[in-house]
Amino acid sequence: MSFLTRKYPFKQSGHWLRESIVYGLIVWAILYFMQPFGFVTYQGNKCLVAGLFGLITFACTATYVWMTIKLIVPHVTTWRIWHQGCTTLGLIVFIAVCNFFYYSLINEYPLTLEFFLIFLYWTMIIGIILTALSTGIRYNKALKEQMNELLLNTTEEQKDITITIHDTNVRGNDLSIPINSLLYIEAQKNNISVCYIKDEKPISVELHTTLSNAIEELKEHKNILQCHRSFVINANNITSAKGNSNGYQLTLGNSTNIIPVSRSYVPLLKALIA
């Protein structure tokens with residue numbers, strides 16, 4: 001249930017009319033060229049009839065999306081995943097019902113309540129599956145785009161910033177590097193290993209200090225965050241993230257090392273990109 005209440009990165013499309021036309025053309029093409037649902041046995045003008053199915057799909061999509069954007073979205077403070085799921089399922093059912101009546105009309109099927117309820121039952125089952133797939137794919141794509149945009153902006157803002165991590169050993173050397181070069185910091189007993197980019201290659205330098213000291217020194221930079229009890233990452237350099245709510249695995253920059261994100265730190269990572 002917590003997944004359904006997450007904020008959905010809703011973007012009002014300026015091309016909803018064009019998208020409605022595309023959906024209508026897809027329905028026409030499927031019916032005319034593949035001829036499913038017994039359409040192959042229809043004796044009339046198949047191109048015209050398939051075109052009317054496409055026209056109904058276009059009209060339903062355009063009307064429904066317009067009503068959603070104009071009448072529903074402005075009154076919802078935070079658009080969540082369950083909002084998106086309900087509107088997507090509603091659109092599928094609306095298109096299916098309108099096409100059902102048209103299909104019954106051209107085939108002269110008797111419109112009984114039992115027949116309609118059976119149709120609605122299967123429409124809901126298929127619709128829920130399609131809604132889950134569509135919403136999930138769009139949600140992950142939108143989050144990825146949002147994350148890329150956020151990290152790109154942060155990287156640009158920090159291009160002239162240099163960070164320093166101090167070595168607590170009396171004879172140790174402090175490490176000063178551009179913040180955008182930092183990939184991650186790993187705790188290693190009484191030391192830390194700092195991985196960063198130098199001459200376009202990832203290298204590691206060991207410093208005598210603790211991970212908590214490094215976190216304290218870099219706390220003003222919000223993109224540098226702890227993701228595991230042994231790892232701190234520079235979120236600007238995340239190149240891939242795989243996993244789920246139980247934990248993620250990250251790669252950063254051109255390093256081949258896999259950085260774990262433990263379950264307790266997953267909300268922190270999501271808060272950065274949500």
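A disulfide is a pair of cysteine sulfur atoms within 2.5 Å. This structure is a predicted model, and by that rule its count comes to zero disulfides.

Take C60. C60 takes part in no disulfide. Its nearest cysteine sulfur belongs to C98 and lies 3.5 Å away. The cut-off is 2.5 Å, so the pair of C60 and C98 does not count as a disulfide. C60 is buried, at a relative accessible area of 5%.

C227 is another cysteine to look at. The closest cysteine sulfur to that of C227 sits in C195, 13 Å off, which is too far for a bond. C227 is buried as well, with a relative accessible area of 1%.

From C227, move to L268. The two are 41 residues apart in sequence. In space, their C-alpha atoms are 8.0 Å apart. L268 belongs to helix α6, which spans residues 266-273. With a relative accessibility of 42%, L268 counts as partly exposed. Leaving out residues up to four places away in sequence, L268 touches L225 and Q226.

Now turn to a pair of helices. Two packed helices are described by the angle between their axes and the distance between the axes. Helix α1 covers residues 16-34, and helix α2 covers residues 46-72. Their axes come within 7 Å and cross at roughly 150°. Angles over 145 degrees count as roughly antiparallel, and α1 and α2 are therefore roughly antiparallel to each other. Their crossing is right-handed. The residues of the contact of α1 with α2 divide into 16 nonpolar, six polar and one charged.

How values were computed. Residues numbered from 1 in each chain as written. Predicted model: local features only at pLDDT ≥ 70, side-chain atom pairs only at ≥ 80, totals over all residues. Heavy atoms only, no water. Axes fitted to C-alpha atoms, helices over the stretch in contact; angles between N-to-C directions. Helix = DSSP H or I, 4+ residues; strand = E, 2+ residues; numbered from the N terminus. Parallel < 35°, antiparallel > 145°, perpendicular 65-115°, else oblique. Left-handed = near helix turned anticlockwise from the far one by under 90°. Nonpolar A, V, L, I, M, F, W, Y, C, P; charged D, E, K, R; others polar. Buried < 20%, exposed > 50% of the residue type's maximum accessible area, 1.4 Å probe, protein only. Contact = heavy atoms within 4.5 Å.
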